[in-house]
Amino acid sequence: MRCIAQPAPAPTLPGDDAAVPAVALRGFRPSDVGTISSIVAEALHEHYDPSLYGSLSTEWPAGFLVAADARGAPVGFLLGVSQVPGEARVLMFAVEQGVRRSGVGSLLMDAFLDRCRLRGFRRVTLEVRVSNVNAIRFYTRYRYSVIDLLRSYYSDGENGYHMACEL
Ligand SMILES: CC(C)(COP(=O)(O)OP(=O)(O)OC[C@H]1O[C@@H](n2cnc3c(N)ncnc32)[C@H](O)[C@@H]1OP(=O)(O)O)[C@@H](O)C(=O)NCCC(=O)NCCS
């Protein structure tokens, strides 16, 4: 490869559009692993040991945000960690294919950046495949900019961009 909130008291609507799914942001729960693994497999083409999600969330639980549908099932998530003092890193970020482009990703990123600011972080970094134009467009909208080219960063040899957002 190479964050925890209390359950929201009420569903949070990302917009007024009737087509926007009603989702609530909450923290990661062990019972989310199956659904999150499926989202990761489809969206990121990765298969991680199920125990990875819980272990990555232990140091900064609030950095693992889950967007859940009305039944409580995850439809997207953002897993952020803090490995460098004063910085957060987006380790995994994905929204279920059927609900993309309806504001769920923005809901997750807005909440994550708020948590980073609350914690006093100055910068958020991430890595993205150079071919992932949709995600790069998303990140650019959030004022992430490319700070480095990561040659052969991914296991299939593709280059990556190291991007950063100054808070
Ligand atoms: C990247 C991702 C998480 C964004 O989530 P999302 O819920 O689709 O994002 P939003 O609906 O909040 O989109 C916000 C803005 O990002 C940009 N954007 C997002 N997806 C886009 C797409 N497919 N094409 C063009 N622009 C896109 C647009 O500017 C969009 O605003 P608009 O719809 O008003 O034009 C989602 O596309 C995804 O899961 N992709 C596959 C996994 C992935 O690539 N993760 C990132 C790995 S580094």
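A polar contact is a pair of N or O atoms within 3.5 Å; within protein, one atom must be able to donate a hydrogen and the other to accept it, and residues adjacent in sequence count only if both atoms are side-chain atoms. This is a predicted model, where local features need pLDDT of at least 70, side-chain atom pairs count only at pLDDT 80 or more, and totals for chains, interfaces and linings use all residues. Residues are numbered from 1 along each chain as its sequence is written, and side-chain values use heavy atoms, with hydrogens and water left out.

Start at the ligand. A polar backbone atom of V95 is 2.8 Å from a ligand oxygen atom. For R101, a polar backbone atom is 2.7 Å from an oxygen atom of the ligand. S106 brings a polar side-chain atom to 2.5 Å from a ligand oxygen. On its own the ligand has 900 Å² of accessible area (Shrake-Rupley method, 1.4 Å probe). The protein covers 81% of that.

Now look at the shell. It holds 21 residues (a heavy atom within 4 Å of the ligand). The closest are R101, G105, S106, N132 and R141. Helix α4 gives the largest share, 6 residues.

Next, turn to D32. It sits in the loop between β1 (24–27) and α1 (33–44); helices (H or I, at least four residues) and strands (E, at least two) are DSSP runs, numbered from the N terminus. Its side chain makes a polar contact of 2.8 Å with that of R26. Beyond neighbours within four places in sequence, D32 is in contact (heavy atoms within 4.5 Å) with R26, G27, V66 and P74.
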